[in-house]
Amino acid sequence: MTGPTERPSTDRFAGERRGERSGGDRFGAERSGGDRFGGRDQRPSGGQRGERPARGGQWGDRAGGERRDGGRRPPPRPTVDLPRQVAYEAVAAVHRDDAYANLVLPSLLRDAGLVGRDAAFATELTYGTLRHLGTLDAILGDAAGRDVQRIDPPVRDALRLGAYQLLHTRVPAHAAVSSTVDLVKSVGVGATGFANAVLREVAGRDADAWVTRLAPSAESDPIGHLALAYSHPQWIVRAFAEALGGDLGETTRLLIEDNERPPVHLCARPGLADPAELADEAGGAPGAFSPYAVYLSGGAPGDLPALAQGRAHVQDEGSQLVANALAEAPLDGPDGRWLDLCAGPGGKSGLLGALAAQRDARLTAVEVSEHRARLVEQATRGLPVTVLHTDGRTVGADPKLPEAHFDRVLVDAPCTGLGSLRRRPESRWRRQPSDLPPLTRLQRELLAAALRATRPGGLVAYVTCSPHTVETHVTVTEAARRSGVPVDFVDARPLLPAGMPGLGDGPTVQLWPHRHGTDAMFLAMLRRT
């Protein structure tokens with residue numbers, strides 16, 4: 001989502017055009033000779049940090065002074081505090097390089113040496129800004145009197161961080177404005193006056209007042225209202241509402257939950273770690289539903305010895321539940337040959353492999369991407385798992401994937417990922433409705449291959465991390481109908497923990513962040529007859 005449509009006649013900052021050298025800017029804009037990156041074209045790629053100055057503090061001297069040659073030093077460069085700088089670099093990398101925040105931010109925090117409260121603040125600024133991006137852009141567009149796409153990208157990202165601080169944190173307004181202006185001075189030549197004026201305009205209203213000003217009427221355009229109020233693209237809001245039976249009240253609760261910071265979930269691998277002991281070791285708490293889940297309130301899970309030792313891994317509780325449902329479903333006949341047809345990056349394979357080890361079974365994990373196949377190998381090291389780097393749709397053509405051979409098959413199909421937007425907030429702005437046709441075609445082909453791979457009487461679990469009905473009910477129904485393999489739907493509800501609320505009418509199950517505290521995982525269980 002971008003801001004309101006362009007309004008040239010009301011652009012209150014018309015003199016602050018990109019690249020202008022206006023010495024008479026009415027907001028006192030400067031051309032800073034201390035641009036940390038030496039101009040946009042010289043910024044390091046991928047959000048990497050540049051070299052620190054030899055002296056004068058991290059971002060340069062705060063005061064000028066005489067040079068040894070008798071001349072004056074260049075104008076002082078702004079001092080930008082490190083947490084905000086790291087957050088800026090993460091957000092800029094997401095928008096400039098299509099990076100993923102969960103991948104780029106940890107390395108930036110590590111390189112900057114940020115820990116504790118500083119790391120938490122940088123993380124909050126990064127993820128909060130990305131979650132609220134649509135609403136922030138609408139507000140910034142109105143405050144600037146121009147579409148945000150006409151603002152220079154580095155300045156635009158800095159303004160987004162500043163607006164988030166003003167509207168969604170307890171940072172005092174004067175501190176949010178001044179720190180953002182300093183940040184703009186370091187990344188955007190000649191834009192400090194513009195940034196100062198825009199942020200002061202933003203600070204004139206709180207978040208609710210801005211929504212009242214900018215959002216369509218909830219009565220005449222409820223989807224448009226929810227989209228702007230809770231910062232989701234309209235097509236995603238519409239898809240959520242459809243999956244929730246048109247209940248806009250529950251849709252609102254889901255959108256609110258999508259904008260909350262989710263806890264980290266660990267999976268204690270069965271036979272290798274006890275969940276209660278892992279909770280004590282990690283300073284967490286046992287999960288609400290999965291017998292293997294541990295909740296962490298914060299910290300860096302990668303530092304835990306249990307992860308390095310292969311006794312546990314990071315995995316949303318919903319993913320644990322759907323994988324465990326396949327392993328626990330009643331099955332007649334042999335039960336030693338399991339298959340994960342779309343295994344990367346390896347979380348579900350890790351859990352299934354640990355369960356297989358307890359039951360004298362063996363898992364074949366298939367992954368088409370070479371990089372992700374290596375991740376699966378790392379995730380399943382020491383477990384009875386064979387990793388195949390191949391396309392799961394080659395069942396029957398590949399001798400290592402024979403037809404009618406496997407007892408339990410998992411299809412964790414590639415999807416839009418709309419069920420994990422709280423963990424990957426940038427995805428909501430990258431995905432488009434045009435992504436659905438190729439994805440749903442791939443989903444049907446993979447599910448058809450899984451049904452061919454399953455022996456008569458065997459089980460297939462079809463899983464997506466999306467509640468979109470086209471990726472869930474439509475895909476599984478169409479794939480089962482077209483596969484030419486006779487199947488029956490198995491009621492998946494009894495395969496989840498007793499007393500788990502809000503599982504619907506069956507036979508499929510849809511988990512939800514606002515109902516269950518998990519990602520929005522979908523599960524359909526089919527038995528080949």
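Which residues of H2 are buried?

A: In this predicted model, the buried residues of H2 are Ala 101, Val 104, Leu 105, Ser 107, Leu 108, Leu 109 and Ala 112. The helix itself comprises 12 residues, 101-112. From first C-alpha to last, H2 reaches 16 Å, close to the 16 Å expected at 1.5 Å a residue. An α-helix has 3.6 residues a turn, so residues three or four places apart point the same way. After H2 comes Gly 113, which has a positive phi, near 70°.

Elsewhere in the chain, helices H5 (residues 153-168) and H6 (residues 173-187) have axes that come within 9 Å and cross at roughly 170°. This crossing makes H5 roughly antiparallel to H6. On the H5 side, the residues making the contact include Val 155, Leu 159 and Leu 166; on the H6 side, they include Val 177, Leu 183 and Val 187.

With regard to cysteines, Cys 267 is buried, at a relative accessible area of 0%, and Cys 342 is buried as well, at 11%. A search of the whole structure finds zero disulfides.

As to confidence, the protein averages a pLDDT of 88, and 85% of the residues score at least 70. Over residues 1-72, however, pLDDT stays under 50, although the model has 157 contacts beyond four places in sequence for them. Where pLDDT is low, the predicted coordinates should not be read in detail.

Terms used
Residues are numbered from 1 along each chain as its sequence is written. This is a predicted model: local features need pLDDT of at least 70, side-chain atom pairs count only at pLDDT 80 or more; totals for chains, interfaces and linings use all residues. Side-chain values use heavy atoms; hydrogens and water are left out. A disulfide is a pair of cysteine sulfur atoms within 2.5 Å. Buried means under 20% relative accessible area, exposed over 50%, partly exposed in between (1.4 Å probe, protein chains only). pLDDT is the predictor's confidence in each residue, from 0 to 100. Contact means heavy atoms within 4.5 Å. Helices (H or I, at least four residues) and strands (E, at least two) are DSSP runs, numbered from the N terminus. The expected span of a helix is 1.5 Å times one less than its number of residues. Axes are lines fitted to C-alpha atoms, for helices over the stretch in contact, and angles run from 0 to 180 degrees between N-to-C directions. Angles under 35 degrees count as roughly parallel, over 145 as roughly antiparallel, 65 to 115 as roughly perpendicular and the rest as oblique.
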